[in-house]
Amino acid sequence: MAATGVPSRLLLLRGRRWGGFFLLPGVRNTSNNCSRGNCPSNGSRNEATIISGRRLAAQVCEEIQRDIESWLTLGHKRPHLTVVLVGENSASHTYVRNKVKAAAAVDHIDERTVCNSVAREKDVDGFHIFNIGRLCLDQPSIIPATAAAVWEIIKRTGIQTFGRNVVVVGRSKNVGMPISMLLHTDGGHERPGGDATVTITHRYTPKEQLMIHTQLADIVIVAAGIPKLITSDMIKRGAAVIDVGINHINDPVTGKTKLVGDVDFEEVKKKASFITPVPGGVGPMTVAMLLKNTLIAAKKLIY
């Protein structure tokens with residue numbers, strides 16, 4: 001299985017800047033009972049259950065592949081995906097590399113202008129102002145892939161959100177905000193949510209206040225872009241921790257650059273009930289949800 005967990009014959013990706021086509025490699029059936037929401041309580045364990053984003057992504061991609069095969073038998077065209085990368089953000093580059101196994105820098109263009117230039121019905125990243133607006137109004141929309149990935153991980157792992165306290169660390173319009181919208185929304189609405197009590201923190205939240213919030217949280221979702229921002233003393237025992245951070249740091253042991261999240265993984269896993277690793281957590285699931293969004297757009301399920 002490739003790092004992206006994308007099945008072969010699923011999608012043909014074309015990127016103008018790469019000047020070619022990329023077929024994505026296959027995956028095997030690696031789903032487990034825990035990913036279907038049957039996880040036992042972790043209260044008796046000394047360390048957190050490590051959520052395999054790759055395994056969950058493989059499960060999602062298998063479901064997508066079956067759906068696409070049914071779609072093709074009805075005479076429809078195979079969905080296609082084109083990538084436009086704006087700017088030099090390292091996290092974005094990592095995301096795109098996982099999608100196409102290649103990376104290339106492109107010209108600097110205003111991000112919002114580009115996002116709103118994409119037809120809303122083809123906006124598989126869910127960044128168009130129309131899609132964000134519908135998301136905020138609890139209406140069906142193409143949901144930003146990372147937020148959808150976090151929500152899918154929570155649901156498939158069986159982490160309860162109803163009435164629970166959730167802290168989202170980071171308020172970006174593409175990650176923190178849509179995650180918060182998904183989790184706090186009424187589960188009975190047109191676009192069901194998690195019925196959680198959600199607190200959003202950001203760069204101007206004092207560290208001591210951040211700690212107060214996270215220590216009360218049943219679920220902590222971190223998308224700040226700061227290595228080891230969340231330490232074990234900031235997490236209450238038994239909390240679920242979802243690390244969305246993507247940071248490149250120098251490994252003092254090897255002298256090489258390595259990928260880490262926003263959570264002090266080795267220490268926090270000793271207190272949490274569930275935790276996602278970096279790499280191998282939210283990242284692969286984000287790619288899977290992007291592909292799911294592509295299928296949703298191709299089938300015109302929203303617009």
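**Charged side chains and an aromatic ring**

Arginine 120 lies over the face of phenylalanine 130, 3.9 Å from the ring centre; a charge counts as over a ring if NZ of Lys or CZ of Arg is within 6 Å of the ring centre and within 35 degrees of the ring normal. The model is predicted, so local features need pLDDT of at least 70 and side-chain atom pairs pLDDT 80 or more, while totals for chains, interfaces and linings use all residues. Residues are numbered from 1 along each chain as its sequence is written, and side-chain values use heavy atoms, with hydrogens and water left out.

The whole structure holds 10 salt bridges, defined as a side-chain nitrogen of Lys or Arg within 4 Å of a carboxyl oxygen of Asp or Glu. One of them joins aspartate 138 to arginine 191, with the closest N and O atoms 3.2 Å apart. Aspartate 138 is in the loop between helix 4 (129-136) and helix 5 (145-157), and arginine 191 is in the loop between helix 6 (176-184) and strand 6 (197-201), so the pair ties together parts 53 residues apart in sequence. Helices (H or I, at least four residues) and strands (E, at least two) are DSSP runs, numbered from the N terminus. Aspartate 138 is buried, at 12% relative accessible area, and arginine 191 is buried at 7% (buried: under 20%; exposed: over 50%; partly exposed: in between; 1.4 Å probe, protein chains only).

Arginine 156 and glutamate 152 form a salt bridge at 2.7 Å, N to O. Both lie in helix 5, 4 residues apart, about one turn of the helix, and both are buried.
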